[in-house]
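Trainee: I would like a close look at a single part of this model. Please take me through it step by step.

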Amino acid sequence: MDLLGNLSLGFGAALSPANLLYCLIGALLGTLIGVLPGVGPIATIAMLLPITFKLSPLAALIMLAGIYYGAQYGGSTTAILVNMPGESSSVVTCLDGYQMARQGRAGPALAIAALGSFFAGCVATLIIALFAPVLAELALKFGPAEYFSLMVLGLLAAVVLASGSVLKAVGMVILGLLLGLVGTDVNSGMARFTFGLTDLSDGIGFVAVAMGLFGLTEIIINLEHPERQPQVTAKVSHLWPTKADFKAAWKPVLRGTALGSILGILPGGGALLASFSAYTLEKKIAKDPSRFGKGAIEGVAAPEAANNAGAQTSFIPLLTLGIPSNAVMALMVGAMMIQGVAPGPQVMTERPQLFWGVITSMWIGNLMLVILNLPLVGMWVKLLKVPYRLLYPAILMFCAIGVYSVSNNAFDVGMIALFGLLGLLFFKLGCEPAPLLLGFILGPFMEEYLRRALLLSRGDATVFLTRPISLGFLIASALLLLTIVAPAFRKLREEAFVED
Amino acid sequence: MRHRIRNSQDFWSGVMFMAFGGLAMFLARTYPMGTASRMGPGYFPTTLGGLLALIGLVVALRALRHPGEPVQRFFSAPMNLILGSVLGFALLLPFAGLIPSIVVLVVVSSLAGGSLRWKTVGIETALLCLVATALFVWGLGLPFSLFGPR
Amino acid sequence: MTPRMLAALIALVLGLGAAPALAQTYPTKPVRIIVPYPPGGGNDIVARALGQKLTESLGQNVLVENKPGGGTLIGAEAAAKAPPDGHTLFVGTIATMAINPSLYKEMPYHPVKDFAPIIHLVNYHMILVAHPDLPVKSVAELIAHAKANPGKLSYASFGSGSTPHLGTELLKTMTGIDMVHIPYKGGAPAIADLVGGQVPVMFIDTPPALTHIKAGKMRALAVSPAQRTALMPDLPTVGETVPGFGFTSWAGLYATAGTPAEVVAKLNGEINRILKLPDIHEQLSKLGADPVGGTPKNLAEWMAAETVKWAKVVKDSGAKLD
C-alpha cells in the first residue's frame, strides 16, 4: 500500500488555501454549535446543505466533517461547565467533568478533554488511512445477532457507571430500556406507550431526556441549595493540568482511543457505546473506583478520547461502503449525492484526491481545534464567574431553543420539564441517572436486533451462540457480570453475618 | 446508624420501580405477546416491566431491614418556577413567537433565584432576546417567528 | 364520493373563489416548506434545491422546515393546520398522501380535504436487488427460487408500511411467492444488512443501489416502474416478468386547503419552470429522481389513483398500523 503517496496526495488537496479556510469555518462553526446546549450538528449541517451546492465536493465535505468533529469538541465544554450533555457521547463526560468544575478544576478538565480528543483524533485518522477497507469488511460481519450481544455487554457496562447500589443501578437501566421503547415498534409498526400522542410516535427525543435529567435537575438542586452553586466552590486553582494530572490521564487516553476506534467502525450504534465503555473500563481497572463520579480526571480523559476516536472512525463505513452510521453521516451522504459523488467503495479508487483529502483534512481540523480550544479554556472558566442567578436563565434559554430546533417541535421542550421533574425524583431517592440514559439509548436497538435476529433465524435462539463474534461478546458479558455480582454477594454475606 | 428511619431513599426507590414496572405491564396488556421465538410488540415491555417490579420489590424489602438515608422534601419553590418557566416557553412558542416566550422563560425562572432585582432581570432578558435573535434567527437561520404564530 | 371526484371538486372550488390581487403581492413574508422527514433524505434535498430557486425568483426567503416523526403524520398535521395563504407549503409523498390513509385507523389530517395540490414534483424509481450469494440473476429466477424454498427467503424494507415493504407485498400477492418481511428503521441499516449478506432481497432507492451494484456488493434484478429508467436502460422492469406490476415512489408540493387559486397557479408556474432548469435536472438525476411537473389537477388525479392502488395492496397483504 502506498500510504505516503496517498497521504501526500491528500495533504496536497486539503492544504490549498480555500480548503484550509473551509476546514477552519467548519471547525469554528462546529465548536460554536457544540457549545450551545441542545443545538446539534444535524440542524446546522442541514442548513448548510444548499450552500454546499456551490462548493467543490472536497471543500463541501471538509467543511461538513469539520462541523461534525468540531461539535464533539464543543459538546464536552458544555458537559463539563454546566452539566448539559448535548450528545449521547458527552453524557459520561458530565459524570466526572462537572464534578471537577465544581471543585474549581474546570480548566484542567477542559484542557485534558481537548488534548485527549486531539491525540485520539490523530490516531483514528491514521487508522482510517491504513486500514479503512479491511475494517469496513469486518463491520459487515456484524449482523443482528452480533449487535444484540454487543448491546448486552453495553448494558452491563451501564451498571458499572453507577457509584452506588448495584441493584438500584439495574433498576434504572431497565427503566431506561422501558422509556426507550416508547414510540412505534419497528417490527409490527404498533404504537407503544404513546398515550395516543403522535408527538411520541417516534419515541422520546434523546436531547430532551438528557437536558432534563442532567441540566434542568442540576439547576433546580443548585437553587434549592445555594451553597452547591458552582461559583461558590469554584476557586480556580490553576488553569492547566498539573504533571500529576497528565500522569493519571495518558494511559486512559490510550485505552479510550483504542476502544473508541474499534467501536466507531460499527454502523449499528457502535459509536454510541464508545464513551460509555471507555469510562467503564477505567473504573473497572482503577485501584480506587470510588473516586469515579467525584471528579476523577481519568473519567474525563478516557471517554473524551474514545468519543473523538469513534467520531473519526465512524467515517469508515461511510467512505468505504457508503453506509452512514448515524444521522450526521446520513446528511453527509446527502451532501455527497448533491455533489454527484456516489458514496461507496469506488470513491477510494475513482476519486482518490477526494477520499484522501477528506481524511487528511480531519487531522488538520483536529489540529486547528486543539489550537482553537486551548486558549478558549481560560475564557470558559471565566464564564463560571458570572453570578449563578444570571447564568442559569441563559442556560435554560439556550437549552429550550436547542431542543426545539432538533425537530422544530415545542412538545420536546415540554419533555425537558417532565424529565427535569423525574431527574429531581431520582436525585431525592438516590438513584443515578447515567445508567438510565444508557438503557434509554440502547433499549430500542437491543429489542430491534433481538427480534430481527430471531426473525431471520426463524425463531432459533442458538444463533447467538453459534456465531463466533456474538459468542465472544456474550462470554465477555458473563465475565463482566461476574465482577459486578461477586463483590455484591460478598457484601450481602457480610451484612447477613452482622445481622445475626 | 441503627436509629435512621425506615422510610428511606431505598424504600421509596423500590416503590418507584414497582410503580413504573406495574404501569408498563398495565399499558402493555393489550399489546400482542407473541412467543419467545417470534416476539410480538408486547413481549419486551411486559417482561421488562415485570423484571423492574421484581427489582423494586427486592430493593424495598431490603430497605425495610437496612435503614438508610431519609428522603428530602420534594416540592420547592425553585422546582415549581423552573419547571413552570420551561413549560411556559413550550406552550407559548407556537402561538406567541420567540421573543415573548424568551421573556416569560427568563423572568419566571429568575424568580427562582431568590431576591429578584428587576433592573438586572430586565437587562438580561433584553440581552438574551437579542443574542437569541442574532444567533438562531439571523446566524443559523432557524425557522422561528419572532412575534406571533408562524 | 370517490377520492377522484372529491379532488376534482376541490380543484374546481379553488379555481372559483380567489382574489386576483393576491398573485401580484404573494409572497408577503418568508415562505416555509415543511418536509415530514429528517434532513438529508431525497425529499429534503429536493425541497432545499427548490427552496433556493424559489427564494431567487419570489424575492422572499423560502426555508425548509423538517418536521419528522410519526410516520410523516406530525409534519402533515402541522401543514394541514397552517393558515391557507400559501406561506406554508408541504412536501407530500406517496406515504402521506396515498398510503397512510389505508394504514392508520385514525388520521390527524385528510390528504384531499386538507390540502390543495400544487405540482407533482418528482418520481423516484426503486431497484430490486439481491445479495450476490443468492443464486438468482433475474426476477423469474427469484420467483422460482422462492417457490422452491417456501418461507425460507427473507426480504428487507425501510419499515412497516414503507414503499419497499408494500411494493414487495404487491409482488408477493401477484406471484404467489412467500417471503418473510424484515423491517428496518430507515434505509441505511437495511442496506448495511443487505450488503453484509444478512438479508438477501430488497427494493432500494436508485443512488445507493447504483454504487453497490457497481462495486459488486449487490446484484440488480429489475427496476420497479412500468417503464425502464434512463439511468439503467439495460435493466428490465419487474413488469416484464410479472405483467401489470409497477410502482414508483413520488413527492408533490401542496398548500393548505383554501389557499387562493392565484397563489397556487403562481407557484405551479414557477416550479414548472424551475423543474426544467438544467442544473436542477442534473441535481435531481443524481438523486435518482425524475422531475414530473404538470398542473395541480394532474397531481390530484395521480393522488386519487395511487390511493386506490395502495389501499388494495394494504388490504391484500394485511399490513396494518395503529
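How many residues does the contact take from chain C and from chain A?

Mentor: The model is a predicted one. In it, the contact takes 44 residues from chain A and 46 residues from chain C. On the side of chain C that touches chain A, at least two residues each come from helix 3 (42-58), strand 2 (62-66), helix 4 (73-80), strand 7 (180-183), helix 8 (187-195), helix 9 (206-214) and helix 11 (278-286) of chain C. By residue class, this side of chain C divides into 21 nonpolar, 16 polar and 9 charged residues.

Strand 2 of chain C, one of the elements that supply this side, also belongs to an open sheet of 6 strands in chain C. The order of that sheet is 2-1-3-10-4-11, and its pairing is mixed. Strand 2 of chain C is an edge strand, pairing on one side only, and strand 11 (289-291) of chain C is the other edge. Direction ignored, neighbouring strands of the sheet are turned by 30 degrees against each other on average.

Further along the order, strand 10 (residues 249-256) and strand 4 (residues 115-124) of chain C run antiparallel and are joined by 8 bridges. Within this pairing, C:Pro117 has C:Tyr254 in strand 10 of chain C as its bridge partner. Strand 10 of chain C also has a helix lying across it: helix 5 (residues 94-103) of chain C, which lies across strand 3 (88-93) of chain C as well. Helix 5 runs at about 55 degrees to strand 3 of chain C.

Technical notes: Residues are numbered from 1 along each chain as its sequence is written. Chains are lettered from A and ligands numbered from 1 in the order in which they are written. This is a predicted model: local features need pLDDT of at least 70, side-chain atom pairs count only at pLDDT 80 or more; totals for chains, interfaces and linings use all residues. Two residues are in contact if their C-beta atoms, placed from the backbone, lie within 7 Å. Helices (H or I, at least four residues) and strands (E, at least two) are DSSP runs, numbered from the N terminus. Ala, Val, Leu, Ile, Met, Phe, Trp, Tyr, Cys and Pro count as nonpolar, Asp, Glu, Lys and Arg as charged, and the others, Gly among them, as polar. Two strands pair if DSSP finds at least two bridges between them. Axes are lines fitted to C-alpha atoms, for helices over the stretch in contact, and angles run from 0 to 180 degrees between N-to-C directions.
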